[in-house]
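Take a look at the chain below.

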Amino acid sequence: MKIGIVGGHGHTSIKIHPGAELAWACDEYDQRAFERATGLHSGRSYRRMDDMLGDFRPDLVYIGSAYGLNGGLAIKALEAGYDVVCEKPLAADHATLARLRELTASGERRIIAELAMRWNPAFERARELIHLGTIGEVVMVQAQKSYRFGTDRPDFYKTRALFGGIIPWVGTHAIDFARWCTGLRYESVTGRHGNRSFPAYGEMEDHAALFFTMSGGVPCTITADFLRPEGAKTHSDDRLRVTGTKGVLEVRRANLMVTTASGKERWRYDFSEAAAIRCAQGLVDAAQGRPSIINTADSLETTAVALIARDAADQPGSVLPIP
């Protein structure tokens, strides 16, 4: 398996795919990819994506540039005939998303969003229990994705065009796992976002709160932020709470709790090396058209929902439909 990695950002979950041969290429933003390839990783390294595609000829391409550039690079790779795994967001604007839809409409080429939380065992089990009817019919959904900001973030976070916004970057995870676990689709959204704590980062938002209506009229609230305190033991705080007619299900990072008339049950699911490898394999399988728990349609739909949600937050008070 030959994987060509473009850019110096993103989680690059697929790089631990068993037996993967890697090559790294710089993007149009900076030289971090080349530095990582020559200083931290084995494998070939290239100054340009086109050079890597022509010489290395990977089986698939991973895109992990400054987030607002991912879509344009993915378009170039798809146009060159390659399947793509891409760090979110797949697109930072609607025109780029429309072009990705065009390029993948026939099914001959695929693009998969790196929504790795689908392989988090706690969320996998939550989805299974919800679909088994353990908490009855879903009545209400709440989800959050919270990050520590750290001492420094790249300069591209300061501009919407390069960063894309906190909703497509951080919020996309919660948007995806709330929909994936419940099986419900989004129908409309309103929201707000802003920057209260990091004025030096200009156009970057440090928080967002969204209110969705899901299929069947189910209300869903989703929050995303960079406000997790630096003293917290973990970098992220991921949560899902689903209230049903017969009980409540909650995920808090690695912990899953279900409360019904029979009482409360608790499980802990650590994200192990085995789970990380399953994620890498699942992303590659999806990109190559094999059965997986994610696909191109899911990836594009989650991206579209995130962009519409960002539009709604840009227009406080508006309620936007989600086709």
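Is C220 buried or exposed? C220 has 0% relative accessibility, so it counts as buried. Here, buried means under 20% relative accessible area, exposed means over 50%, and partly exposed lies in between, with a 1.4 Å probe and protein chains only.

Before going on, a word on the source. This is a predicted model, in which local features need pLDDT of at least 70 and side-chain atom pairs count only at pLDDT 80 or more, while totals for chains, interfaces and linings use all residues. Residues are numbered from 1 along each chain as its sequence is written, and side-chain values use heavy atoms, with hydrogens and water left out.

Back to the cysteines. A disulfide is a covalent bond between the sulfur atoms of two cysteines. The cut-off used here is a pair of cysteine sulfur atoms within 2.5 Å. The structure holds zero disulfides. C279 is in no disulfide either. Its nearest cysteine sulfur, that of C86, is 14 Å away. C279 counts as buried because its relative accessibility is 2%.

Now the rings. A pair of aromatic rings is described by the distance of the centres and the angle of the planes. Rings of Phe, Tyr and Trp (its six-membered ring) pair if their centres lie within 6.5 Å; planes under 30 degrees apart count as stacked, over 60 as edge-to-face and the rest as tilted. The structure holds 15 aromatic pairs. One of them joins Y67 and Y157, edge-to-face, with 5.7 Å between centres and 75° between planes. This pair links distant parts of the chain, 90 residues apart. Y67 is in the loop between β4 (60-63) and α3 (70-79), and Y157 is in the loop between β7 (138-147) and α6 (160-163). Helices (H or I, at least four residues) and strands (E, at least two) are DSSP runs, numbered from the N terminus.

Y67 is buried at 5% relative accessibility, and Y157 is buried at 1%. Y157 also pairs with F226: the centres are 6.2 Å apart and the planes at 50°, so this pair is tilted. F226 is buried too. Y67, Y157 and F226 belong to one aromatic cluster, whose members include W169.

The charged end of K88 sits over its ring, 3.3 Å from the centre. That label requires NZ of Lys or CZ of Arg within 6 Å of the ring centre and within 35 degrees of the ring normal.
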